Amino acid sequence: MTAQDYQALWQAVDARKDRLTALSDQVWETPEVCYTEVRSAAAHKAELLHHGFRVTQGVAGIETALIAEAGQGGPVIAFLGEYDALPGLSQQAGLCQHHPVEPGGNGHGCGHNLLGSGAMLAAVALKAYLAEHGLPGRVRYYGCPAEEGGAAKTFMVRDGAFADVDIAISWHPYSFWEVAPALSLANTRADFFFTGRTAHAAASPHLGRSALDAVELMSVGVNYMREHMPSDARVHYALLDAGGIAPNVVQARAHVRYSIRAMDLQGMLDLVERVHKIAQGAALMTETSVRMQIISAVSNTLGNRPLEEALHAVMTDLGPPPFDAGDRAYAEGIRATLSEKDIASVYQAIGMPQRDVPLADFLVPLDTPRKPLIGSTDVGDVSWVVPTVQVHAPTVAIGTPFHTWQVVAQGKAPAAHKAMVHAAKAMAATGLAAIRDPALIVAAKAALAAHTARTPYVCPVGPDVQPPLDMSR
């Protein structure tokens with residue numbers, strides 16, 4: 001690609017950034033959690049129709065999942081967007097102190113309002129560029145709900161929604177400007193339903209069989225298991241039903257949800273089976289019964305070196321976002337709410353010495369000696385079936401922990417908007433590079449094929465597991 005190609009494409013992004021920035025703010029204003037993103041999905045659909053995309057809604061049986069396509073012939077370039085929020089993170093925008101809009105309400109504590117709009121901005125700009133220059137190629141935008149635990153992309157992959165995609169490109173808000181490292185934990189969310197027998201807790205306790213006791217014994221067993229599992233695995237839980245509020249009634253039911261993570265899919269599946277055995281043991285000890293139900297699951301993310309190198313070259317040419325003094329002043333205010341450990345930990349994650357700047361004004365090298373902070377994402381399952389690459393863009397003050405009120409507060413800031421637009425430019429240019437140079441797609445597919453030849457993809461949700469559309473209700 002030439003410098004003229006880049007400039008023309010980036011001008012196409014700039015010409016459309018105001019509408020997509022407004023979409024990001026609109027989604028920020030109506031935060032909706034896992035599988036309830038009705039207004040957010042509708043806003044995305046309306047914007048896609050405005051830009052002339054053909055939209056299909058209800059993908060994989062999920063009403064808030066959609067696919068939009070434009071263009072004819074050529075390779076299929078997919079841009080992955082998200083728009084789900086998190087519970088309990090309501091926060092007024094633009095402040096440097098915790099002040100909820102609605103106490104206990106939802107908030108975009110992972111920046112998915114920006115994520116979806118930025119991915120769409122890349123898609124609409126690339127569509128316009130291809131049409132103007134008469135180039136073949138199909139541009140797709142995937143509107144993906146429920147990334148925060150609902151694994152919508154996993155169900156979409158299982159349903160064949162990515163079967164004909166050549167490459168997939170996404171991004172995520174972060175502290176730094178970098179090619180996102182292909183590191184994420186495979187993760188299963190599983191519910192355990194214990195059933196016992198009620199009784200008067202004082203007069204006839206011997207007749208009762210406590211489901212709550214079983215949940216507590218399961219927790220003890222899992223805690224002992226932690227000594228004998230890989231150090232990079234993770235197990236967490238939330239008690240969803242303690243069996244009632246009366247301590248003088250033996251609890252005949254209890255319901256606990258476990259999140260079970262490991263570095264790779266097989267390690268995660270092995271750990272799920274061990275947790276299941278502990279639940280069965282707890283049921284045996286308490287003379288209760290237990291039923292396990294898989295809610296959702298995601299695979300670890302696969303890297304794709306050809307795409308990562310192509311994206312890094314684009315990000316090098318583009319440079320970091322053009323932050324100004326006002327952006328840095330607000331970021332300093334947010335940094336005052338953070339600890340030194342918050343800031344130090346993100347620098348350790350990228351393997352670079354700490355700098356005294358509030359916003360990232362540099363590109364992280366592609367091969368730094370990282371000590372990553374690893375979570376889970378359903379982008380992982382896409383990466384097993386389509387060559388996939390992701391941008392990290394600095395939408396927040398360096399060191400801001402995600403899933404916090406501080407992320408929500410920065411979600412409509414000018415700095416976040418600038419980083420979103422910059423991410424869109426990097427994504428769009430990488431998509432155009434793949435269209436201009438078919439050898440890049442060939443190399444990317446070969447890299448994926450080499451990995452899956454050794455370890456074939458196995459969808460972590462079985463054919464009988466349905467999208468947990470009511471998990472947030």
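Residues are numbered from 1 along each chain as its sequence is written, and side-chain values use heavy atoms, with hydrogens and water left out. Because the model is predicted, local features need pLDDT of at least 70 and side-chain atom pairs count only at pLDDT 80 or more, whereas totals for chains, interfaces and linings use all residues.

Helices (H or I, at least four residues) and strands (E, at least two) are DSSP runs, numbered from the N terminus. The axes of helix 1 (residues 3-29) and helix 12 (residues 414-436) come within 9 Å and cross at roughly 135°; axes are lines fitted to C-alpha atoms, for helices over the stretch in contact, and angles run from 0 to 180 degrees between N-to-C directions. Helix 1 and helix 12 are therefore oblique to each other, the class left once angles under 35 degrees (roughly parallel), over 145 (roughly antiparallel) and 65 to 115 (roughly perpendicular) are set aside. On the helix 1 side, the residues meeting helix 12 include Y6, W10, V13 and K17, and their partners in helix 12 include M420, A424, K425 and L432, contact being heavy atoms within 4.5 Å. By class, the contact of helix 1 with helix 12 has 11 nonpolar, three polar and six charged residues. Here Ala, Val, Leu, Ile, Met, Phe, Trp, Tyr, Cys and Pro count as nonpolar, Asp, Glu, Lys and Arg as charged, and the others, Gly among them, as polar.

Helix 5 (residues 211-225) and helix 6 (residues 265-286) have axes that come within 8 Å and cross at roughly 140°. That angle makes helix 5 oblique to helix 6. Among the contacting residues are L217, M218 and G221 of helix 5 and V275, I278 and A282 of helix 6. The residues of this contact divide into 11 nonpolar, two polar and two charged.

Just after helix 7, G319 takes a positive phi of about 80°.

H44 is found in helix 2 (residues 38-50) and counts as buried because its relative accessibility is 0%. The C-alpha atoms of H44 and L23 are separated by 7.6 Å, although the two residues lie 21 residues apart along the chain. Leaving out residues up to four places away in sequence, H44 touches L23, V27, Y83, G116, S117, M120 and Y141.

Terms used:
Buried < 20%, exposed > 50% of the residue type's maximum accessible area, 1.4 Å probe, protein only.
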